[in-house]
Amino acid sequence: MNVVLGVGGGIAAYKAAELARLLMRQGLQVNTVLTHSAGEFITPLTFAALTGRKVITDLFANRSAEDILSSSVEHIQVAQENQVLVVAPATADLLAKFAHGLADDFLSTLYLAFTGPIVLAPAMNTNMWNHPATVANLSVLRARGHRIVGPDAGDLACGTVGPGRLADPEQIAAVVAAAALNKEDLSGEVVLISAGPTQEPLDPVRYITNRSSGKMGYALAEAANARGAQVILVSGPVHIPPPPGVEVVSVRTAHQMRDAIVGRMEEATIIIKSAAVADYYVSTVPASKIKKTAARVSLDLEPTPDILAELGSRKGDRLLIGFAAETSDLISESRRKMKAKKADMIVGNLVNVDGTGFESDLNEVTLVMATGETIPVARATKREIAHIIFDHALRLRLALHASQ
Ligand code: CTP
């Protein structure tokens with residue numbers, strides 16, 4: 001499968017080289033187009049060496065009249081031979097050209113001739129990003145159905161802090177890969193996902209929590225969004241940025257998570273409970289700090305509501321997916337939880353395996369399905385695992401409907 005990587009002229013152009021490498025790792029052939037100003041930041045040779053392919057630099061640059069005649073339709077040919085067009089960094093200038101249909105160089109001409117999915121990863125100074133002209137151009141491009149990835153917020157090369165930084169190349173590559181596979185298979189779905197830990201206060205300064213980082217839930221949200229779903233992400237306190245294009249509902253305690261999820265469940269067609277919900281809480285939290293004394297103390301804990309079990313009892317025909325964090329008996333425990341909580345699938349997770357699980361970018365899971373199947377998923381990034389979960393979830397739903 002072929003993709004065109006259009007590189008705009010911004011300081012983030014160097015990150016497009018990493019993106020090219022990641023796209024190739026996804027098994028995609030990458031054809032690079034550099035705008036004239038991108039060539040000021042990074043050389044065509046970098047991309048030619050990385051991709052093993054000729055790099056297109058400009059419409060008529062450095063070409064003889066003969067070449068121009070024979071290649072005057074090259075942008076049409078490139079448009080026809082590639083499945084996805086990704087532009088990273090998409091500068092304010094490129095967004096404006098695309099929005100208004102200007103075609104004065106190879107990339108903007110190719111844009112007009114391109115009929116497949118288009119992924120745009122904007123990067124620019126915060127003021128340029130917030131300018132009403134850019135805001136208006138972006139809303140035109142969104143309305144055309146292009147997938148916009150980022151920008152992230154953070155320190156920018158121009159010395160300011162705010163939105164404008166190119167999205168993580170891994171994230172852009174995941175969206176491009178999904179677009180290349182034409183994975184719009186979640187369009188029309190509303191996916192409700194819970195992620196992260198909960199915090200249960202003991203007093204105004206202390207709480208009980210767990211080691212969940214939220215990475216798996218956030219990867220699921222990103223994957224669902226990339227595959228065309230509307231995503232509602234109910235998140236406990238985490239330290240990772242929310243995936244763009246996803247509605248985030250921030251919560252702290254198990255009770256808040258329960259209320260947020262149950263409050264939105266009617267809208268959902270697929271619900272995934274990847275959050276590590278605290279099982280116990282203190283029902284009467286003192287208003288002032290518990291003071292240290294020489295005496296032993298014990299906590300009087302009450303069970304929290306089991307959100308997955310409540311969802312299972314009233315899910316209707318929604319697909320319900322839970323997680324099981326285990327240190328042993330993975331499959332039997334996953335199966336027990338699936339039945340007890342009336343889930344359609346449990347993603348079983350051994351959390352005491354080196355290099356995977358909590359806090360890691362990698363995971364290794366077993367999918368236990370209501371159809372009786374057990375599917376081991378080998379170690380992979382949480383992003384890849386998220387896509388595999390959706391592949392099986394959709395297949396499972398068909399199987400469950402067929403058996404009804
Ligand atoms: N879960 C939930 N509400 C709770 C506890 C768990 O919705 N109060 C959900 C989790 O989000 C997960 C599934 O139930 O999808 C299993 O969570 P896990 O912690 O593995 O199991 P528990 O039921 O808490 O059982 P145990 O801790 O004894 O293994």
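On a 1 Å grid over the protein atoms alone, a pocket is an open set of points where a 1.4 Å probe fits, with protein on both sides within 12 Å along at least five of seven lines, and its lining residues have an atom within 4 Å of a point. A volume is the space filled by probe spheres set on those points, which are joined across faces, edges and corners. The model is predicted, so that local features need pLDDT of at least 70 and side-chain atom pairs count only at pLDDT 80 or more, while totals for chains, interfaces and linings use all residues. Residues are numbered from 1 along each chain as its sequence is written, and side-chain values use heavy atoms, with hydrogens and water left out.

The second largest pocket has a volume of about 480 Å³, and the residues closest to its centre are D168, K215, E222, D361 and R383. Helix α11 gives the most to its lining, with four residues.

The largest pocket has a volume of about 780 Å³, and 38 residues line this pocket, with A275, A276, V277, F323 and A325 nearest its centre. The ligand sits in the largest pocket, in the sense that more than half of its atoms lie within 2 Å of the grid points.

Around the ligand there are 16 residues, each with a heavy atom within 4 Å of it. Polar contacts are pairs of N or O atoms within 3.5 Å: a polar side-chain atom of D279 lies 2.9 Å from a ligand oxygen atom, and a backbone N or O atom of I307 lies 3.0 Å from a ligand nitrogen atom.

How values were computed: A polar contact is a pair of N or O atoms within 3.5 Å; within protein, one must be able to donate a hydrogen and the other to accept it, and residues adjacent in sequence count only if both atoms are side-chain atoms. Helices (H or I, at least four residues) and strands (E, at least two) are DSSP runs, numbered from the N terminus.
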